[in-house]
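Student: I should like to study this structure through a series of questions. Could we begin with a helix and what follows it?

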Amino acid sequence: MELLSFGDTGWGDELLRATFMTILVAIAAFTFGFFISSLIVPLKLSKSKVLNFIGNTYTTIFRGVPELLVIYLLFFGGSSAVMFVAKIFGYKDFIEINAFLTGSVSIGLISGAYTTEVLRGAINSINQGQFDGAKSLGLKKSTYYVFVIAPQVLRLSLPNLSNVWQLTLKDTALISVTGLVEIMRQSYIASGATRNPLLFYCFAAFLYLILTTISLKYFNKLEKKYNFYT
Amino acid sequence: MKQVNKIIATFLAIFILSINNLYSDNVKIGTEGAYPPWNAKDASGKLIGFEVDLAMELCKIMNHSCTLVEQDWDGMIPALQSGKFDAIMAGMSITQERKKKINFSQGYADEVASFAVLKGSSIKPKTPKSISLSNIDSNDQKTLDALKKAFAGKIIGVQTGTIHQNFLKSGLIGKVNIWTYKTQDEVNLDLASGRIDAALAAAVAFEDYNAKAGSKLKLVGPTFSGGTFGNGVGVGIRKADSALLSDFNSAIDTARQKGIIKKLAIKHFGFDASM
Amino acid sequence: MKPILDNLPDIIKSAILTIELTVISILIGLLIGFIFALMRISKIKFLFYLSYYYSFVFRGTPLFVQIFIIYFGLAQLEFIRESILWIVLKKPYWCAIIAFALNTGAYTSEIFRSGFEKIDKNLLEAANSLGLNKFKTFLVITLPIGIKRSIPAYGNEMILMLKGTSLASTVTLLDLTGTAKYIISTHFNPVEVFVFVGSIYLFFTFLIHTFVKYLEKKFRYY
């Protein structure tokens, strides 16, 4: 138990900080994914075959390739890609892309692919009559999407968004391979230094369990709150 | 909405902080922090070890401000090349293969490699105390043959992307089962648990493990140097940074003359590994 | 392309390992998932809670942590190393499969459970009025309908498991991801190697997808 204590001899304070990092990177990734999906969903719903294709390619790739591979690709290839672009603009110094950015972007891209599917499914499940009704009221397309469709979509997709969030939260463990000190990484370091992997990985599992349980409760509350309108 | 604003603000702050790093003009030195006693981490998360101390001394001599950057071993050279840091001090041996990609300063310490097995293991090759692979003569060949016999069909663990992995791959001791690990810590864990029959790494890495975990391991066979094992450990630097390279070279000269390297080596390794 | 062509035999070997890990884990996970789903709908409190907490723990933690606990964590315990379990746990291959199977088993049990629970009440009543007992009702109504309904969700789970096998590379196994990393540690062309290996995974995903679509078509009900 001493190993989990706070202060210089224990790993408690480090693990606590790492837990905050996990939460932060998960929120960043989920938000980024949500932002991307709001760009991709219109592509997938559009009547243009080309736009459809772009949208489908995105979701197929990021739901079909292992998370670890996406992270490695961005980690090893990301900064050289940015450097390449920077050089075109005449910028010669080295540009650092830190582990937090690499992590939240790569997990965000994956999270976004799942969010896209969730939102698309929810939109498709909305009664066609509502679109017609809104149209017959003379509402502009953008107006009825924002005020009529979007709130319903969010409510309908809450249970599935909750799943995507859980997935994203757990995927952040994989970012540890880039050196970002979140729960998994900190446990890895601690178990290496103390030669006590069992204790630290079990404790890591416990921390994740707390995070997933709390967020599940929170989402359930939201669902209950907004189910009122059905 | 307030919550969303907060999240965006946090995100921006982190982004700006990471950009800020770019404009400071200090030297960033990459190290692994998982290869004791060369470089490691203590319970407060601080980097410690021979190279951490040495890096600080060299920076003092060069009159540079320095920061240490942690980097996993498997991404060490790509990270140097992409500019995450400017120099590598991570127990990296100077080898021909690596020299194709990066430059090395002169060596600052000798890394002696050795096999280790669990105490009580039946693997006991009869060999001389050391072998140099730069020039393999008939005596050396005999040593290699003895090792070939002792390790035939055995599982040997090494860290990925190391000289030790290259040596096992080279086939000089025949065909063995090579298991690769992300860190030396993991190699030690699996050797101690008996999953692998032997491991190959810096001799001091096993001795360090023994000192902390209670003498579970035993070094066997000769110590290796030369050939695939390279010529000592040096500072890795990008090919384009010739000024930094000569800075490090002269700083190492000074540190050697003042006996700093020797002193640090004795402190961390228990013997004089300076070169 | 040179690093890829040089290592093509290794890549093929590792692709086979990835398939092997996926198929074996999915099959064992299917069995586990089915048994635990039955426990979950059973009236016996002990079995219910056992299944509930199993699924809670394995779905609430990352697979990465699970595989490390099983591989590095359990090996730390002397009584495990001295027990008969060590024959299996000594091998990274079996550690990976145990972790994968337990993980996918937890998700599978939830998929089946919700399939079984969502059966139309009217159907069950109809069966009851036909004089079928509970066991028979389960056998001829709940089971086939529940399984059919579970197919789409189970397809997604199979794809998640395929992706999850990339974690085998963290316990010394040279699966597709492990081999990609190995090639990169000797050559230095990360992007092309990862893209190539990524497309192999995509191809496997496509195969699973097609298989699931075929199953759905075959078992379309009503």
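Tutor: Helix α7(A) is followed by Arg195(A), whose phi is positive, near 55°; helices here are DSSP runs of H or I with at least four residues, and strands are runs of E with at least two, numbered from the N terminus. The model is a predicted one, in which local features need pLDDT of at least 70 and side-chain atom pairs count only at pLDDT 80 or more, while totals for chains, interfaces and linings use all residues. Residues are numbered from 1 along each chain as its sequence is written, chains are lettered from A and ligands numbered from 1 in the order in which they are written, and side-chain values use heavy atoms, leaving out hydrogens and water.

Student: How far apart are the end C-alpha atoms of helix α7 of chain A?

Tutor: The helix covers residues 183–194, which makes twelve residues. The expected span is 1.5 Å times one less than the number of residues, so this helix should span 16 Å. The computed distance agrees with that expectation: the end C-alpha atoms are apart by 16 Å.

Student: How many of the residues of α7(A) are buried?

Tutor: Buried means under 20% relative accessible area, exposed means over 50%, and partly exposed lies in between, with a 1.4 Å probe and protein chains only. Among the buried residues of α7(A) are Ile183(A), Tyr188(A) and Thr194(A). The helix is mostly covered, and the buried count out of its twelve residues is eleven.

Student: Which residue has a side-chain oxygen that reaches the backbone nitrogen of Met184(A)?

Tutor: This approach lies at the start of α7(A). The oxygen comes to within 3.2 Å of the nitrogen, and it belongs to Glu182(A).

Student: Which cysteine is joined to Cys59(B) by a disulfide?

Tutor: A disulfide is a covalent bond between the sulfur atoms of two cysteines. The link is left-handed, with -90° about the S-S bond, and both of its cysteines are buried. The S to S distance is 1.8 Å, and the partner of Cys59(B) is Cys66(B).

Student: How far from Cys202(A) is the nearest cysteine sulfur?

Tutor: Cys202(A) is in no disulfide, and at 35% relative accessibility this residue counts as partly exposed. The nearest cysteine sulfur is that of Cys95(C), at a distance of 14 Å.

Student: How many salt bridges are found over all chains?

Tutor: A salt bridge is a side-chain nitrogen of Lys or Arg within 4 Å of a carboxyl oxygen of Asp or Glu. One of them joins Glu117(A) and Arg120(A), at 2.9 Å from N to O. A search of the whole structure gives a total of 22.

Student: How many residues apart in sequence are the parts that Arg40(C) and Glu110(C) tie together?

Tutor: The closest N and O atoms of this salt bridge are 2.7 Å apart. Arg40(C) is buried at 11%, and Glu110(C) is buried at 10%. Arg40(C) lies in helix α2 (residues 8–41) of chain C and Glu110(C) in helix α7 (residues 92–117) of chain C, so the separation in sequence is 70 residues.

Student: Which helix of chain B holds Glu97(B)?

Tutor: Glu97(B) is partly exposed, with a relative accessible area of 39%. The C-alpha of Glu97(B) lies 25 Å from that of Thr143(B), although the two are 46 residues apart in sequence. The helix that holds Glu97(B) covers residues 96–99 and is α4.

Terms used. Disulfide = S-S within 2.5 Å. Polar contact = N/O pair within 3.5 Å; in protein donor to acceptor, adjacent residues only side chain to side chain.
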